[in-house]
Amino acid sequence: MQALQHPLQQRRLAALRDFEILDTDPEQEFDEIVKLAAATCGTAISVVNFIDAERQWFKAETGLGVRETPLATSICAHVILQDEFAEIRDTLDDPRMQDNPLCCGEPGLRFYAGALLTTQDGLPLGTLCVLDYEPRELTALQRDTLRVLARQVVTLLEMRKALRSADILRREVDHRVKNSLQSLSSFTNLQSRAFASDDAKLALSMVKTRIDALTQLHEMLYQSDEHSVVELGAFLTSVCAQLEGLAPEGVTLEVATTPVSVPAQQAVAVGTFVNEFVANSFKHGFRDGHTGSVTVELGLEPDGQVRLTCSDTGVGLPPDHGIESAGLGMKIAEVICLELGTDLDLRNGAHGVVATLTFTPAAT
């Protein structure tokens, strides 16, 4: 006989769908639970199943070989109507199972034991159960084990739900942060046009450069599972990809990086430096139609230090150059070097300007 609907069927189904577990792929954590349940109870079959509106669906199974069955043949559909644990030592002695083809057929399912999977509100979603082809009886330890494993299934469901809610919240926050950073960048652009003072323009340039680096970093953190550690090589590649559109005609931007993990604060500092160097090279190094390239290289030294080298093939620095005359603001450089605990090596190379920073990656 087919089981009656649960008296709180609509609430129960809503709770089940809220977990977003139906029709998901197999997962090791659930698979291990059914294997342990079958091994502990010495049964041929074990499943984690959920009772949907028209079907019984299996998140994990061992010994069964299918992912769902109709409700008409579901033993668990009967079990969710009773207490938190059910044991049917011989299904053919149970009036509910006597016409069930899964029990009456050959070979038939003759033994069943299951622990309910219930929400915090007490709504039954399904069961963790074991089945066999011969009548039998579980020991007290086996029954307790099924109960404990059923609670572990529910814990996994609750954790998945909590992580999903946290991810949705994070995405909303990230969206708002990104919009705010873009608005700040646009605002600094507008403000810089309103000031004639070189000091004011430099200060706003510093702010905008830092905002742009933060925007790139934020985008990378948004896509990453680690929200405090940044793969610096990928980050700089992303920063430079945004800068390529600013390159003068005939000037290329080349990037060569080694994977390096650093804290977010160091990534912002390095990204700010690269952003400022490349922008200044484009502006000051290739005047009057001069062509060439700007190169950003990131590597690891044998002692574990990170070495960043930014260079161009532009007109180079004048003989009496200083950091300011290279277009890289002294204040920006000072802040970056302070954050990285290093000094800036800025000089003319064989073909243009070369700037080098060597620093120790902070513990992550």
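The pLDDT is the predictor's confidence in each residue, on a scale from 0 to 100. For the protein chain described here, which is a predicted model, the mean pLDDT is 83, and 79% of the residues reach 70 or more. Confidence is highest in strand β1 (residues 45-51), with a mean of 96, and lowest in helix α6 (residues 198-222), where the mean is 60. Over residues 323-328 the pLDDT falls below 50, although this stretch has 17 contacts in the model beyond near neighbours in sequence. Where pLDDT is low, the predicted coordinates should not be read in detail.

Five strands form an open sheet with mixed pairing, in the order β8-β10-β11-β13-β12. Strands β8 (251-257) and β12 (344-348) stand at the edges and have a single partner strand each, so that one side of each is left without a neighbour in the sheet. From one strand to the next, the twist averages 10 degrees. Within the sheet, strand β10 (residues 292-300) runs antiparallel to strand β11 (residues 306-312), and the two are joined by seven bridges; glutamate 297 stands opposite threonine 309 in β11.

Two helices can be described in relation to these strands. Helix α7 (residues 232-243) packs on the sheet, where it touches β8, β10, β11 and β13 (353-359), and its direction makes about 170 degrees with that of β8. Helix α8 (residues 264-285), in turn, lies across β8, β10, β11, β12 and β13, and runs at about 15 degrees to β11.

How values were computed: Residues numbered from 1 in each chain as written. Predicted model: local features only at pLDDT ≥ 70, side-chain atom pairs only at ≥ 80, totals over all residues. Heavy atoms only, no water. Helix = DSSP H or I, 4+ residues; strand = E, 2+ residues; numbered from the N terminus. Contact = heavy atoms within 4.5 Å. Pairing = 2+ DSSP bridges. Axes fitted to C-alpha atoms, helices over the stretch in contact; angles between N-to-C directions.
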